[in-house]
Amino acid sequence: MELRLPAPEEYRAVCRDYREAFPLAERKSAWSMRRLWEEGKYLPYCFFDGGDLLGGAFLWVGHPGWRLLDYLFVTARRRNQRLGGEIIRALREMEGPDTVIFGEVEEPSAAPDPVMAERRMGFYARNGWRSAGYETRLYGVRFQTLYLAGEQVAGEALIAEHQYIYHQAVGKWSYARNIRIPYDPAAGRRKTERERRQS
């Protein structure tokens with residue numbers, strides 16, 4: 001088994017399997033991911049067994065030594081075989097010990113399916129990811145930030161890189177409107193209550 005970027009002739013099948021793994025609202029188009037990849041902003045790593053696609057780990061490219069995990073998936077026909085952990089181990093090896101890989105997992109207390117969100121958190125913890133100690137709010141959804149690194153990473157550095165990647169990814173207007181890094185849920189609740197009193 002190997003983790004690598006797909007060949008051009010494999011990319012269509014990769015996108016088909018990726019689409020099956022995520023709801024429509026969470027997916028990027030194959031065209032936009034390809035464009036980002038060509039621009040050097042995105043790495044759609046795929047996990048293959050020979051020519052058989054098992055899953056993938058798609059990353060946003062930040063400054064040197066920083067990556068944001070956008071999607072981690074196992075194909076429908078290969079789920080429940082512990083391949084998610086295999087993909088993470090291969091990703092760590094591919095990116096090297098000095099690269100910080102970070103990502104977001106839906107905050108269980110705010111998730112539509114808290115049990116599934118807790119399971120995801122447990123999966124990442126079992127595979128060496130640590131809590132960054134802050135939440136984000138992306139397009140109305142609350143997330144916990146996790147990271148994978150050889151040593152502890154300063155929160156300020158991680159927040160700065162997190163902000164940088166989203167500024168590059170979505171642009172100034174969309175960032176201001178839809179992204180909160182970090183996010184303070186208590187401050188968000190107070191604002192909502194104040195707005196409710198004013199209406």
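The expected span of a helix is taken as 1.5 Å times one less than its number of residues. In this predicted model, helix α5 comprises 16 residues, 155-170, and should therefore span 22 Å; the C-alpha atoms at its ends are 22 Å apart, in agreement with that value. The buried residues of α5 include L158, I159, E161, H162, I165 and Y166. Viewed down the helix axis, the buried residues of α5 fall within an arc of 165°, so they line one face of the helix. An α-helix has 3.6 residues a turn, so residues three or four places apart point the same way. After α5 comes G171, which has a positive phi, near 85°.

Helix α5 also contributes to the lining of the largest pocket, where it supplies at least two residues. The other elements that each supply at least two lining residues are α2 (30-38), β4 (66-74), α3 (83-95), β5 (100-106), α4 (114-126) and β7 (141-148). The volume of this pocket is about 2000 Å³. Its lining is made up of 46 residues, and those nearest the centre of the pocket are F22, E26, L72, R120 and Y124.

Residue S131 is located in strand β6, which covers residues 130-138. Apart from neighbours within four places in sequence, S131 is in contact with T145, L146 and Y147. A polar atom of the S131 side chain lies 3.1 Å from the backbone nitrogen of G133. Between the C-alpha atoms of S131 and Y175, which are 44 residues apart along the chain, the separation is 23 Å.

Definitions and conventions: Residues are numbered from 1 along each chain as its sequence is written. This is a predicted model: local features need pLDDT of at least 70, side-chain atom pairs count only at pLDDT 80 or more; totals for chains, interfaces and linings use all residues. Side-chain values use heavy atoms; hydrogens and water are left out. Helices (H or I, at least four residues) and strands (E, at least two) are DSSP runs, numbered from the N terminus. Buried means under 20% relative accessible area, exposed over 50%, partly exposed in between (1.4 Å probe, protein chains only). The arc is that of the directions from the helix axis to the C-beta atoms. Contact means heavy atoms within 4.5 Å. A polar contact is a pair of N or O atoms within 3.5 Å; within protein, one must be able to donate a hydrogen and the other to accept it, and residues adjacent in sequence count only if both atoms are side-chain atoms. On a 1 Å grid over the protein atoms alone, a cavity is a set of points where a 1.4 Å probe fits but cannot get out, and a pocket is an open set with protein on both sides within 12 Å along at least five of seven lines; lining residues have an atom within 4 Å of a point. Grid points are joined across faces, edges and corners, and a volume is the space filled by probe spheres set on the points.
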